[in-house]
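Hello,

Here is the structure I promised to pass on. Please open it first, then read my notes below.

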Amino acid sequence: MRATDPRVVLGLHRSRHERRLLTGALDLGVTALDTSTSYLGFRSHQVLARTAGDLLPKFTVSTKVGYFSAPDGAEHSLDPARLREAVEQAAGDLGREPELVFLHNPEHSLREANAHGQEVLAEACAALDDATAKGQCAAWGIASWDPSPLVSLIDPTVPRPSVLMIRAGLLVGTRTLDAADALTKVWDLGDGEVRGMSPFGGSTSAPVWARIDPRVFLRDGDRLSRMQAAFRAAYHLPRVDSVAVGTDEPAHLGELVGALVGEVEERSIEEYRSLLRDRSRDQPA
């Protein structure tokens, strides 16, 4: 993959969907927005349209389908008919067609890698491919928290996504990193087609961040804070073009945008991945 300028995507997972966050993002030059049908108690699209409908045309909007409201909270499904209906409803609730719709965590319904699983995945991808062809979204992709089960299911019968989104950052294990690399290669994904998410493993206040100094992965680490350095390193673990990050504070988003000036030391990243692989081999099965 060729080098490309890193981008920040404003993710709305756990967000309050406040208008001031979206206006703050635009002021910072962040014009990509990522949400899901299941965010904010399955109300994300409606709340966005109600509180910031006039701002949405200024963003490229991605959303996700795969989780559905159920009596106990949520259920996952790769049923093609449900997926098609979800894409159509997303456009209606947002008041516009999203630029990108992700198949959300398909591995959730693909516990075993077998021929049937391959067929289920292919049909789910075909449903999003069909929705794209009908103009219900501009493109489709796959967002996967654990992409490793997908690797053995990919063959020419599975439609190719335009974008792959996976976890990125220093807390991602070697199994996920290697799977992300494998999918990127088999789908021949290039510039702008691989996106990272959850660069801090869900929380910047986790104890691990007080024990490590991610600035060792940068050539000019002294210019940035530890959190900024961790965010910048996430673009290389695995290699991604943009990273979706959630926050409710424009100031925090501004700090992360400021981290993009950092230059990652490729050799340090390679050594780190080698250490991860060695440690993984030493662990009992």
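Which residues form one aromatic cluster? They are Phe200, Trp209, Phe231 and Tyr235.

Some ground rules before the rest. This is a predicted model: local features need pLDDT of at least 70, side-chain atom pairs count only at pLDDT 80 or more, and totals for chains, interfaces and linings use all residues. Residues are numbered from 1 along each chain as its sequence is written, and side-chain values use heavy atoms, with hydrogens and water left out.

**The rings**

A pair of aromatic rings is described by the distance of the centres and the angle of the planes. Rings of Phe, Tyr and Trp (its six-membered ring) pair if their centres lie within 6.5 Å; planes under 30 degrees apart count as stacked, over 60 as edge-to-face and the rest as tilted. The structure holds four such pairs.

One of them is Phe200 with Phe231, which is stacked: 6.2 Å centre to centre, with 25° between the planes. Phe200 lies in the loop between β9 and α7 and Phe231 in helix α8, so the pair ties together parts that are 31 residues apart in sequence. Both Phe200 and Phe231 are buried. Buried means under 20% relative accessible area, exposed over 50%, and partly exposed in between (1.4 Å probe, protein chains only).

Phe217 and Tyr272 have ring centres 5.3 Å apart and planes at 80°, so this pair is edge-to-face. Phe217 is in the loop between α7 and α8, and Tyr272 is in helix α10, 55 residues apart. Both Phe217 and Tyr272 are buried.

**The whole chain**

The chain has 10 helices and 10 strands. Helices (H or I, at least four residues) and strands (E, at least two) are DSSP runs, numbered from the N terminus. The radius of gyration is 19 Å, close to the 19 Å that the globule rule gives for 285 residues, so the chain is as compact as a globular protein of that length. That radius is taken over C-alpha atoms, and the rule is 2.2 Å times the number of residues to the power 0.38. Buried residues make up 52% of the 285.

**Backbone details**

A cis peptide bond joins Leu237 and Pro238, with omega about -5°. Pro238 sits in the loop between α8 and β10.

Arg14 is not a glycine, yet its phi is positive, near 65°. Arg14 is in the loop between β1 and α1. Arg14 is exposed, with a relative accessible area of 65%. Ser198 also has a positive phi, about 50°. Ser198 is in the loop between β9 and α7.

Best wishes
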